[in-house]
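This briefing goes through a predicted model, topic by topic. Keep the sequence and the structure in view while reading.

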Amino acid sequence: MRGGYLTIGHWRRAPVRLHWTLPLVALVFGRGAFVPGFWLGFVLIVLIHELGHAVLVRRFRCAVASIDVHGMGGACRWAGEPTRIQRACIAWGGVLAEVVALIAT
């Protein structure tokens, strides 16, 4: 565990990491109960959101450095020089990914 993160895999060479605060916040949101389905859903929705950002970062030929999921949400860390419009699209990528997940379910 480095910096409080556990690497669970990679997405296009970028590490996908979970932070130690994740189970604590899931426990609070789950009203102090261990509810595996809720915890998994909590992690998956944040991960889907961050992957939405990452997909558009790659689409605009920028580099994804990491995809992090922590107790208060997540972060898609990336580098590059997109235009203002591309940056706005990247920002909306998380919401678009959630809409796709909603339609799929």
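**Helix α1 and its surroundings**

In helix α1, which covers residues 21-29, the residues Thr21, Leu22, Val25 and Ala26 are buried. Viewed down the axis of α1, the buried residues fall within an arc of 130°, so they line one face of the helix. An α-helix has 3.6 residues a turn, so residues three or four places apart point the same way.

- After α1 comes Arg31, which has a positive phi, near 60°.

**Strand pairing**

- Strand β1 (residues 5-11) pairs with β2 in the antiparallel sense, over six bridges.
- His10 has Pro15 in β2 as its bridge partner.
- Two residues lie between β1 and β2, which form a hairpin.
- Arg12, in the turn of this hairpin, has a positive phi of about 50°.
- β2 is also joined to β3, by three bridges, and these two strands run parallel.
- Arg17 has Asp68 in β3 as its bridge partner.

**Gly94 in helix α3**

- Gly94 belongs to helix α3, residues 84-104.
- Is Gly94 buried or exposed? Gly94 is buried, and its relative accessible area is 0%.
- Which residues is Gly94 in contact with, leaving aside its neighbours within four places in sequence? They are His49, Gly52 and His53.
- Gly94 and Gly52 are 42 residues apart along the chain, while their C-alpha atoms are separated by 4.5 Å.

Notes
Residues numbered from 1 in each chain as written. Predicted model: local features only at pLDDT ≥ 70, side-chain atom pairs only at ≥ 80, totals over all residues. Heavy atoms only, no water. Buried < 20%, exposed > 50% of the residue type's maximum accessible area, 1.4 Å probe, protein only. Helix = DSSP H or I, 4+ residues; strand = E, 2+ residues; numbered from the N terminus. Arc of directions from axis to C-beta. Contact = heavy atoms within 4.5 Å. Pairing = 2+ DSSP bridges.
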